Amino acid sequence: MDRALETLDAVGLPAALWDHQGRLLEGNRSLRARLGGRLPDTVAKLFTGADGPLDFPLAAGEFEVRLLNDPSGPVAALRVGYLEGYGVGVIHEVDDRARLQRELEAKTSELQEKVLELSRSKRAILNILEDLEDRSRELSRRKEELEVLNYDLQRFNRDLERANKELRSLDETKSNLLSNVSHELRTPLVAIKGYSDLMFRGKLGPVTEKQRLGLEVSLKSQDRLLDLINNLLDFSRIEIGRLELMREEFVLGDLVDEVLAALHPRAAERGVDLRILGRPEEIRLFADRTKIGQILTNLISNAIKFNRDDGRVEVTFESADHELAFSVRDTGIGIPPEHVGRIFDRFFQVDAGMSRRYGGTGLGLSIVKSLVELHGGSIQVVSEPDKGATFLIRLPRPLGPE
Ligand code: ADP
């Protein structure tokens, strides 16, 4: 029996021998090495079943067991046989192949999963790369288009600059022409008006009543023509920047009297009541007398022109340390709110039909604004349609000599 155990030992198989009561009689060296040198006294203390305790006495056959001193150790196959009433047990290390196989399979499928995922990611990355390439192609196409556009734009800009230069020079020619023509028209007109006036007043010999009436109508038209030409002349001078201030000291009241004397006939014709407030006769100014006169004439004649019959015009002066403020207020048709912002634009007229009836070029207010600004001042308008309009002018000092 001992020899059998040794033989098994020689091929590396742990083996044990027990009697019919399960007492362990012998264990070969391989077994003892597995047990750490100490052999227990019974078979029951040597093995436990892989799925629970073993029933003793053990029948002949094969069991899955673990060594009791190593319960978490590998599962072994215990082959049991009986010979002459002695039990012989031989332990084969169960090759953990099945478990390893299972683990391997699990790992393999995990790996496959990973590979699959990787290839999915790779595809996604490839897609993104493709997309990026598309975009990059699109971008370079756009860049080319932009370069072409840019080139066109530069050419267009050069053309525009050239056209602009031509326009500026044409504009200059126009302003010069306008200035010269207005000036040439004005000179004979002043002479015509002077002689008509003398005739009207009987200074060139007696005139009949009929001739006087004719001369009166003619003088009115000459006045309007002169206003128009003066406006065009000022406009062209403003255009070429040839309008300069000629400051002098004067009493405002005297200028206001002159302006009112010239405008009185127009006001009287429509029954418009002209009032002056704020005692201008006590205000001394150091400014361009002619231009201040033009400002007043333009604003007051508009206030008469766009008034209702028997309406009122109030011109109020207010002199303070740092500025002279004056307003021209009327009781006329007013200015619709949507047009207030454009009222000082050149050639702007709210109602061209009406202006045709009353005369006018749409230049008056733009000239007034330029003249006010030339004095360093500002002009504002407030208006309520059908109630009238108020123009407010502020002129800063020095309004007297330093
Ligand atoms: P115009 O020669 O036509 O009078 P202006 O530049 O003096 O030119 O005025 C421009 C327009 O502003 C006028 O045609 C008129 O429509 C409007 N306007 C000017 N003053 C008044 C006012 N006091 N009341 C109502 N509308 C006015």
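How many bridges join strand 3 to strand 4, and in which sense do the two strands run? In this predicted model, strand 3, which spans residues 47-49, is joined to strand 4, made up of residues 61-67, by three bridges, and the two run antiparallel. Within this pairing, glycine 49 is found opposite valine 65 of strand 4. Strand 4 also pairs with strand 5, residues 76-83, again in the antiparallel sense and over five bridges, and here glutamate 62 has arginine 79 of strand 5 as its bridge partner.

Aromatic contacts were examined next. A pair of aromatic rings is described by the distance of the centres and the angle of the planes. The model contains three aromatic pairs. One of them is formed by phenylalanine 235 and phenylalanine 347, whose rings are arranged edge-to-face, with 5.5 Å from centre to centre and 70° between the planes. Because phenylalanine 235 belongs to helix 4 (residues 209-239), while phenylalanine 347 lies in the loop between helix 7 (337-340) and helix 8 (352-358), this pair ties together parts that are 112 residues apart in sequence. Phenylalanine 235 has a relative accessible area of 6% and is therefore buried. A further pair, between phenylalanine 317 and phenylalanine 326, is tilted, with 5.5 Å between the centres and 35° between the planes. Phenylalanine 317 counts as buried at 4% relative accessibility, and phenylalanine 326 likewise counts as buried, at 1%.

Arginine 247 is located in the loop between helix 4 and strand 7 (248-251), and, with a relative accessibility of 30%, this arginine counts as partly exposed. A polar atom of the side chain of arginine 247 lies 2.9 Å from the backbone oxygen of phenylalanine 286. The C-alpha atom of arginine 247 is separated by 9.6 Å from that of lysine 291, a residue 44 positions away along the chain.

An oxygen atom of the ligand lies 3.0 Å from an N or O atom in the side chain of lysine 305, whereas polar backbone atoms are found 3.1 Å from a ligand oxygen in the case of glycine 362 and 3.3 Å from a ligand oxygen in the case of glycine 364. Of the 530 Å² that the ligand exposes when taken alone, the protein buries 97%.

Terms used:
Residues are numbered from 1 along each chain as its sequence is written. This is a predicted model: local features need pLDDT of at least 70, side-chain atom pairs count only at pLDDT 80 or more; totals for chains, interfaces and linings use all residues. Side-chain values use heavy atoms; hydrogens and water are left out. Two strands pair if DSSP finds at least two bridges between them. Helices (H or I, at least four residues) and strands (E, at least two) are DSSP runs, numbered from the N terminus. Rings of Phe, Tyr and Trp (its six-membered ring) pair if their centres lie within 6.5 Å; planes under 30 degrees apart count as stacked, over 60 as edge-to-face and the rest as tilted. Buried means under 20% relative accessible area, exposed over 50%, partly exposed in between (1.4 Å probe, protein chains only). A polar contact is a pair of N or O atoms within 3.5 Å; within protein, one must be able to donate a hydrogen and the other to accept it, and residues adjacent in sequence count only if both atoms are side-chain atoms. Accessible areas come from the Shrake-Rupley method with a 1.4 Å probe; for residues, only the protein chains shown count as cover.
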